[in-house]
Amino acid sequence: MKQKVLFGFLGSKRDAGESPERWENWRPTVALGMCDDLRFDRFEIFYDVQYTELLETIVTDFQTVSPQTTVVPNVMPFDDPWDFEEVYAKLFDFMRNYRFDLDCEEYFIHIKTGTHACQICMFLLTESLYLPGKIIQTFPPRPDRPEEKAVGSYKIIDLNLTKYEQIATRFEREKIESTTFLKSGIATRNPTFNALIEQIEWVALRAREPILLTGGTGVGKSLLAKRIHELKKLQSRLTGPFVAVNSATLRGDQSMSTLFGHKKGAFTGAESDRNGLLRTADQGLLFLDEIGELGLDEQAMLLRAVEEKLFLPVGSDVDVSGDFQLIAATNRDLNAAVAAGTFREDLLARINLWTFRLPGLAERREDIEPNIDYELTQYAERNNRKITFNKEARDRFTAFAVSTEATWNANFRDLSAAITRMATFSHQGRIRLETVEQEIARLKAQWQSQRLDDPDVTLLGNLIGEQASRLDRFDAVQLAEVIRVCRDSKSLADAGRRLFEHSRQKKKTANDSDRLKKYLAAFDLDWETVTE
């Protein structure tokens, strides 16, 4: 059995009384020692030195009704016991230095006595686990219960809300609603993606630091950023607007003005002041898509705006402020951009605190079918025309969509475009098998053409011809990288050492050259052909 330890303040008024008649009155601190079903092993009582005489009476009376309890007085002098900041600071220091033993002791915090500031601070310290216990509230005897006499009653409150079924159920329901909201109501089935959205929802509602969304073109970064803003606004985390800009569209001198604004006359054509997007996003959310495309000067200004909430409009000598949350997105490798000198390392460090990679559609094939329904609903809302598949057509398109034949290069953009085309060609609101077959052929041709334009496939095509377009993407990327290393190396042995730098250390006799020869031979290639 764990020992029970009580924390509480001496009540300068409620606990007062020295005459024998005091036992007829309800004194909350003494009453805790009179409860038959709750006994404490130690009582840590806080008091001010001016109430030392009252403390001695309370300690004596408490040990009279609860002799097994060791009462430990703790002087807690306040210049002003109603000053929240002072009370919290002194209680915090006490609790931080106190030796809690959760394995052997159970803690209770009495919040009936003390000033309101003391009670609130005790509650907050308990809620934040600096005081790892349960709240105990005491009540005077009710007129209709004379048997309570001076004992009154008490209630224990465990601030671990997961232990309360109704609260836990509501929290779980609201959690589901929040994550469903971020997923635009789509009942996604991919467990990895669902777990990712839960993390994003948790961070979005609890943090104001920048969020970085990565992933290929069309994975839904823009839509997710907009939904995060809507969710934060619903929960009163933000009050300002959603401002979105594609950094790839910002070019030349106008990019600074677009982002940070300008003063009238700052340059030719600046006929009036302009706020810029950062000021427009004040108290709201700024979404910078393709942030890797920003110029270095814009990156430097953005870093200061994120860190200091200040920036300098073009042509101005006076800083302006803008307090916004930043969500940035990119499909580029920003670490590689830093190494290449095209992206600032300090800006990446600032926006890289919360980074989430959104998986492509091909990685979430179990989510394709619910997204088909979502795209049909979106089409109906845009065109005021409800479209459905007949069974044969839906089965055919779904089977193709989830198969490895479908590469979904542009992810949800490809899927949305496919649904739009089929819905447009539908007759009497039904998509038929013939329309599906035409769309499948179109998608295959589109992806094949894109693959032929792929730098890796182009490189390999010059060496192994049409076989390059028939390689799995994994093999094509790997072989292309091997060829690049070979062409950048002085000899076959040098290339082998670079390619097998780590695995060769695990072998007693490393023959990197022979290993590389065998790999190239699997594609009917040799060193001379590759390096010509």
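Predicted model: local features only at pLDDT ≥ 70, side-chain atom pairs only at ≥ 80, totals over all residues.

Me: Why is serine 257 called buried?

Reply: Buried means under 20% relative accessible area, with exposed over 50% and partly exposed in between (1.4 Å probe, protein chains only). Serine 257 has a relative accessible area of 0%, and is therefore buried.

Me: Where does serine 257 lie, and which residues is serine 257 in contact with, leaving aside its neighbours within four places in sequence?

Reply: Serine 257 belongs to helix α8, residues 254–260; helices (H or I, at least four residues) and strands (E, at least two) are DSSP runs, numbered from the N terminus. Contact means heavy atoms within 4.5 Å. With neighbours within four places in sequence left aside, serine 257 is in contact with His262, Phe267, Arg274, Gly276 and Val314. Its C-alpha atom is separated by 7.1 Å from that of proline 313, 56 residues apart along the chain.

Me: What makes β3 and β6 the edge strands?

Reply: Two strands pair if DSSP finds at least two bridges between them. The open sheet has six strands in the order β3-β2-β1-β4-β5-β6, with mixed pairing. β3 (70–75) and β6 (153–157) each pair on one side only, and these are the edge strands.

Me: How do you know that β1 pairs with β4 and with β2?

Reply: Five bridges join β1 (residues 3–9) to β4 (residues 105–110), and these strands run parallel. Five bridges also join β1 to β2, again parallel. At least two bridges are required, so both pairs qualify. Towards β4, lysine 4 stands opposite glutamate 106 and phenylalanine 7 opposite isoleucine 109. In β2, isoleucine 45 is the bridge partner of glycine 8.

Me: Why is β1 described as largely enclosed by the rest of the structure?

Reply: Five of the seven residues of β1 are buried, so the strand is largely enclosed.

Me: How do you know that the span of helix α15 is close to the expected one?

Reply: The expected span of a helix is 1.5 Å times one less than its number of residues. Helix α15 (residues 412–424) has 13 residues and reaches 18 Å from first C-alpha to last, close to the 18 Å expected. Its buried residues include Phe412, Leu415 and Ile419.

Conventions: Residues numbered from 1 in each chain as written. Heavy atoms only, no water.
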